[in-house]
Amino acid sequence: MAGASLSFSLIFRILCPPAKKKCRIIHKGGTMKYHAFARHNLDKLPTYGRLSQEQIRSIKIVSEVFPFKTNNYVVNELIDWDNYQTDPMYILNFPQREMLRPGQFKSLSDMVEGNASKADLAEYIQELRLNLNPHPAGQMEHNVPSLQGKVLTGIQHKYRETMLFFPTQGQTCHAYCTFCFRWPQFTGVNELKFAMKQASLMISYLKQNPSITDILITGGDPMVMKASILERYIQAILNADLPQLQTIRIGTKSLSFWPYRYLTDPDSGELLDIFRRVSERGIHLALMAHINHPVELGTDAAKEAITRIRNTGANIRSQSPLLRNINDDPATWSDMWKKQVKLGIVPYYMFVARDTGAHKYFGVSLERAHHIFNSAYQQTSGICRTVRGPSMSAGPGKVRIAGIAELKGEKVFVLEFLQGRNPEWVGKPFFAAFDADAQWLDDLQPAFGEKEFFYEQEYRKLLKVDKLPGHTLSSENKQYA
Ligand code: SF4
């Protein structure tokens, strides 16, 4: 199997780096065994004794509402346990008390610690979740196409050239990000999920829509799927003979949360072979890596995984939201982009955090987002400037804050669509009245006294066309549960 064997010295270097960190367990055959930690087995964390009682309480209460899962790689190799309370990797992965409003935290803790009935607790948790805007930008009801009258739950088609596909088996992750904008996928609440199992439906839809040149396989994290399952989907695409197909993208955080997926998982060689096969067919395979902080690029395992992926002919592009308490300063971003370029990763997007879940804790004003992006951009050479942002993935499209300016005596945000529900919107500058507190497109008003932005009337019409009833489909994945 290509790429399946690692030299002993490389395995040793990956599993036992020379840093002060503990050597991880090397299993038979040189594999690194994945261990998940969640609320039910929190006390099994190797670093459990380092958590304060208050932290343990916060994790237990807040994870009633938000999904929580970490793993042995994140815990052993990414988190700085000497400063864990302010460590970005800890905050990225462990629920924080401030993710709920003080009143919500108190009511919930009173119920949990006061032994409220299961039914009452479940009802209150559901109420909290539904108040946290679980599906921003109408992602459950808009952009879900249908085929011969059948709603294609598990497909989204928002932009002409790109179709998103959510394979059922890829709807979990190796660990969960506390900011996750798809957090309802992992809450066990069925009506908040969407996914698809049949590749045949996806293929039929692609054949009927020759404008689609890019397929984005996403989740959750599709890289939790066994290679044999991913192969089923990829092979169906390759066999379908789609002359328009240019790119298969895979959205993943595995480079940061489980790089051993490409190194020592039993089917890692098989997985890399699938990537290689796509490239050899002349189709661009792009791994869309979620990388939130430069620390994620610093381990031997991550570096080796990047090398091995690139050796298959695949490209890696990076994207991340801008997150208060994790990466909200220019130096972090410029450092991250520089490190990415050095490792052969193409910086792609800085997103504005979506208004969902714990947005109150992670959100950054648009003014500050613009400042951070610009300052970081100015600190890099031209080769890093493939990155675009700060961009809001809003209902009408991806809207970038291109600048803050003074026009006709008014301070304004200069905005532009990077992607639009109507491709003709892309690239046209438009203007919003400056608002120092605004954190999202919905917070903005058109500048110069205009009643609405240029695209709004047409967008309303588009919404009428594609509004569909909500759907349910369960998702499952055992390997990384
Ligand atoms: S990896 Fe992506 S889908 Fe998974 S928890 Fe993080 S942001 Fe959400």
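These legends describe close-up views of one predicted model. Residue numbers start at 1 in each chain and follow the sequence as written. Because the model is predicted, local features are given only at pLDDT of at least 70 and side-chain atom pairs only at pLDDT 80 or more, while totals for chains, interfaces and linings use all residues.

**Figure 1. The whole chain.** The chain holds 15 helices and 15 strands. Helices (H or I, at least four residues) and strands (E, at least two) are DSSP runs, numbered from the N terminus. Of the 481 residues, 43% are buried. Buried means that 20 or more other C-beta atoms lie within 10 Å of the residue's own; exposed means 12 or fewer, and partly exposed falls in between, with C-beta atoms placed from the backbone. Two residues are in contact if their C-beta atoms, placed from the backbone, lie within 7 Å. Among contacts between residues at least 6 apart in sequence, 76% join residues at least 24 apart.

Figure 2. pLDDT is the predictor's confidence in each residue, from 0 to 100. The chain averages 88, and 87% of the residues score at least 70. Over residues 1-5 the pLDDT stays under 50, and the model has 12 contacts beyond four places in sequence for them. Residues 16-28 also have pLDDT below 50. That stretch has 13 contacts in the model beyond near neighbours in sequence.

Figure 3. Strand 8 spans residues 247-252. Five of its six residues are buried, so strand 8 is largely enclosed by the rest of the structure. Two strands pair if DSSP finds at least two bridges between them. Strand 7 (residues 214-217) is parallel to strand 8 and joined to it by four bridges. I217 has I250 as its bridge partner in strand 8. From strand 7 the chain passes through helix 8 (residues 227-239) to strand 8, a right-handed β-α-β crossover. Right-handed means that, with the strands pointing away from the viewer, the path from the first strand over the helix to the second runs clockwise. Strand 8 also pairs with strand 9 (residues 284-290), parallel again, over six bridges. There, T252 stands opposite A289 of strand 9.

**Figure 4. The two faces of strand 7.** In a regular strand, side chains alternate between the two faces of the sheet. Strand 6 (residues 162-165) runs parallel to strand 7, with four bridges joining them. L216 is the bridge partner of L164. On the strand 8 side, L216 has R249 as its bridge partner.

**Figure 5. Helix 2 against helix 5.** Helix 2 covers residues 53-62 and includes I61. Its buried residues are S58, I59, I61 and V62. They pack against helix 5 (102-113). I61 has 23 C-beta neighbours inside 10 Å and therefore counts as buried. Beyond its neighbours within four places in sequence, I61 contacts F105, L108, S109 and V112. I61 and L108 lie 47 residues apart in sequence, yet their C-alpha atoms are 7.0 Å apart in space.

**Figure 6. The ligand shell.** Around the ligand are C173, Y176, C177, C180, R182, G219, G220, D221, K253 and H290. A residue counts as near if its C-beta atom, placed from the backbone, lies within 6 Å. The shell has four nonpolar, three polar and three charged residues. Ala, Val, Leu, Ile, Met, Phe, Trp, Tyr, Cys and Pro count as nonpolar, Asp, Glu, Lys and Arg as charged, and the others, Gly among them, as polar. The peptide bond from G219 to G220 is cis, with omega near 20°. G220 sits in the loop between strand 7 and helix 8.

**Figure 7. Backbone exceptions elsewhere.** Most peptide bonds are trans, and most residues other than glycine have a negative phi. The bond from G389 to P390 is cis, with omega near -10°. P390 belongs to strand 12 (residues 388-394). Q148 has a positive phi, near 45°. Q148 lies in the loop between strand 3 (146-147) and strand 4 (150-151). Q148 is exposed, with 7 other C-beta atoms within 10 Å. F448 has a positive phi near 60°. Its loop runs between strand 15 (430-433) and helix 15 (456-466). F448 counts as exposed because it has 12 C-beta neighbours inside 10 Å.
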